[in-house]
Amino acid sequence: CRQVGIGQLVDSLAQITPEQRAPLLAGLVPSMIAELKKPPPVAQAGQAAPPDPSFSFKDAAYAILVYEKQVLIADDALKQTLRSALTDWAMADFERRLENRSQASTMEQLLRLLGPESVAGVPKFINRDSRNLETLARLVADLGDQPTKEAASAALVDVAKFVLSEEWIKVKTPQLEAANKASKLEPTPEQFKAQLEQYQDEELMRVFGSLKKVGGRAAVDFCLDFASDAKAKKERRAAALAALELQLSATNEGDLNKIFAIALSDAPPEILDLAFRRIGEMPRDKVIGRLYEAFKTDKWKVRRAAGSIVLKMSTLSHLDEFMGKLPEKDSKGFAMPEAITFGAMIADLKEGKPREALQKHLKEGSSAARVTALSFYLTQGTPDDLATLAPLESDNTQLPVCDADPECKFACYVAKDPQKPDERELRDVKTVGDYVKLCATPAIKDRAEAAKKAAEASKDEKKK
């Protein structure tokens, strides 16, 4: 293999008959295996490791196994022995052989050829000193069987815990100090603290990215617990929730309890949004009851997030159910941004016609349901809908009251003077009729006018 080019070797084997090839391979393969099993070269103190002579034998074995024109090793037992030897070779000096760029075929190509068994030993290389954490995680995610993924998951969690520990601070502080010195930087104590925290953030984000790839029970439990920690930085909590994408089990009560606890908490909006996204990845029938329970909260942003997930999971056949779950009585606390969000999303519901499904909700139900139905027209209505809305202009039904939060109140921008339509002011909206006259109808007319101007501009452009 050292003296004969790999391409020449393979071509020569391919040109002879299977009967001629079999005895040659019976002698060649054991010799190759013997070379593959030799201990990897060890670097002397203060010196780089000497060249690894086994690479040429690995490349030759790989080329023989992947030859496409015909099967070169017909003996299954001999082929399996060679594959096992290649797996052992890969694990013998894993990270250096993974990083080596002089090989004709890369370590990743070899492992992908060998399949799940070849990465069963990879989790033991996942530790605080790993130089290729993301690559190891990808290999396990792509090739590993479930036990291998679970082992890698647990190993990655240990790495994450190390990054979050005081021990990490002790280890990395002198390293960062040395790096600053080499760069002739002299940060203040506060600047150094910020440097160290950013360094920690970057390492933690890489670990969360690897946890996302691999998944596994250990990863899910760790990420849920971390995301639940109100004392943790929101960016880190968000990364933990992002790592849980498509990982939660709808049949695991613990998973459901924790993710809903986060979603219904006082966490920052980014955290709530990600928590609800994770909920939205689960089957509708497993989470719909809990989502509707969330409608009872007095936090309108939480209810809006929950309602958005419900609508993404629904069709028009679920619209009556959804409207019936919105706040009843005087709908106190129901917010205009909720109504607008839900109204816009109703336009995307399948299996029916939104306008037909909304007809009864324009005149019946709670004020929250009615203003949600009207908000469909505010966001999606056309001039053809003005006749539908006109009878409601005199409706004195009170809209929901939401004054505690300035963001939630019902108000629209209206023209100060009919003669000066471009000069507008924000005006509170109290009734269904006002919402139609001051909000929905003007929005429809504005969209139509904008569309008309765009069409005329396009027509003029084509003439040019």
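Reader: Leaving aside its neighbours within four places in sequence, which residues is T441 in contact with?

Author: This is a predicted model. In it, T441 touches L386, L389, E393 and V436, once neighbours within four places in sequence are set aside. T441 itself sits in helix α22.

Reader: Is T441 buried or exposed?

Author: Burial is read from relative accessible area, and a residue under 20% counts as buried. T441 has 9% relative accessibility, so T441 counts as buried.

Reader: Helix α22 also holds a cysteine. How many disulfides are there, and which cysteines does a disulfide join?

Author: A disulfide is a covalent bond between the sulfur atoms of two cysteines. Here the count comes to one. C412 is joined to C439, with an S to S distance of 1.8 Å. The two cysteines lie 27 residues apart and link distant parts of the chain: C412 belongs to strand β1 (residues 411-417), and C439 to helix α22 (residues 432-463).

Reader: What is the hand of the disulfide between C412 and C439?

Author: The hand is read from the torsion about the S-S bond. For C412 and C439 that torsion is about 110 degrees, so the disulfide is right-handed.

Reader: How accessible are C412 and C439?

Author: C412 is buried, at 8% relative accessibility. C439 is buried as well, with a relative accessible area of 4%. Another cysteine, C223, has 1% relative accessibility and counts as buried.

Reader: On to helices. Which residues of helix α1 are buried, and why do they line one face?

Author: An α-helix has 3.6 residues a turn, so residues three or four places apart point the same way. In helix α1, which covers residues 6-15, the buried residues are L9, V10, L13 and A14. Viewed down the axis of α1, these buried residues fall within an arc of 130 degrees, so they line one face of the helix. Q8 and Q15 are exposed on the other side of α1.

Reader: What do the buried residues of α1 pack against?

Author: They pack against α2 (18-36) and α3 (54-66).

Reader: How many residues of helix α7 are buried, and what covers them?

Author: In α7 (residues 133-143), eight of the eleven residues are buried, so the helix is largely enclosed by the rest of the structure. The buried residues are L133, T135, L136, A137, L139, V140, A141 and L143. Their cover includes α5 (94-99), α6 (107-114), α8 (146-163) and α10 (189-214).

Reader: Which residues touch the most other members of the largest nonpolar core?

Author: That core has 139 residues, and F94, F208, I259, L291 and Y435 touch the most other members. Take L291 as a case: beyond its neighbours within four places in sequence, L291 is in contact with F260, F276, I279, A306, I309, V310 and M313.

Reader: What is the radius of gyration of the protein, and what would a compact globule have?

Author: The protein has 32 Å, whereas a compact globule of 464 residues would have a radius of gyration near 23 Å. Along the principal axes, the C-alpha atoms fill a box of roughly 95 × 60 × 60 Å.

Reader: What are the overall figures for secondary structure, burial and contacts?

Author: There are 22 helices and two strands in the protein. Of the 464 residues, 45% are buried. Among contacts with a separation of 6 or more, 70% come from residues 24 or more positions apart. The accessible surface comes to about 24,500 Å², and carbon and sulfur atoms account for 51% of that surface.

Note on methods
Residues numbered from 1 in each chain as written. Predicted model: local features only at pLDDT ≥ 70, side-chain atom pairs only at ≥ 80, totals over all residues. Heavy atoms only, no water. Core = buried A, V, L, I, M, F, W, Y, C linked by side-chain atoms within 4.5 Å. Buried < 20%, exposed > 50% of the residue type's maximum accessible area, 1.4 Å probe, protein only. Contact = heavy atoms within 4.5 Å. Helix = DSSP H or I, 4+ residues; strand = E, 2+ residues; numbered from the N terminus. Arc of directions from axis to C-beta. Disulfide = S-S within 2.5 Å. Rg over C-alpha atoms; globule rule 2.2 N^0.38 Å. Areas by Shrake-Rupley, 256 points an atom, 1.4 Å probe, with all protein chains shown as cover.
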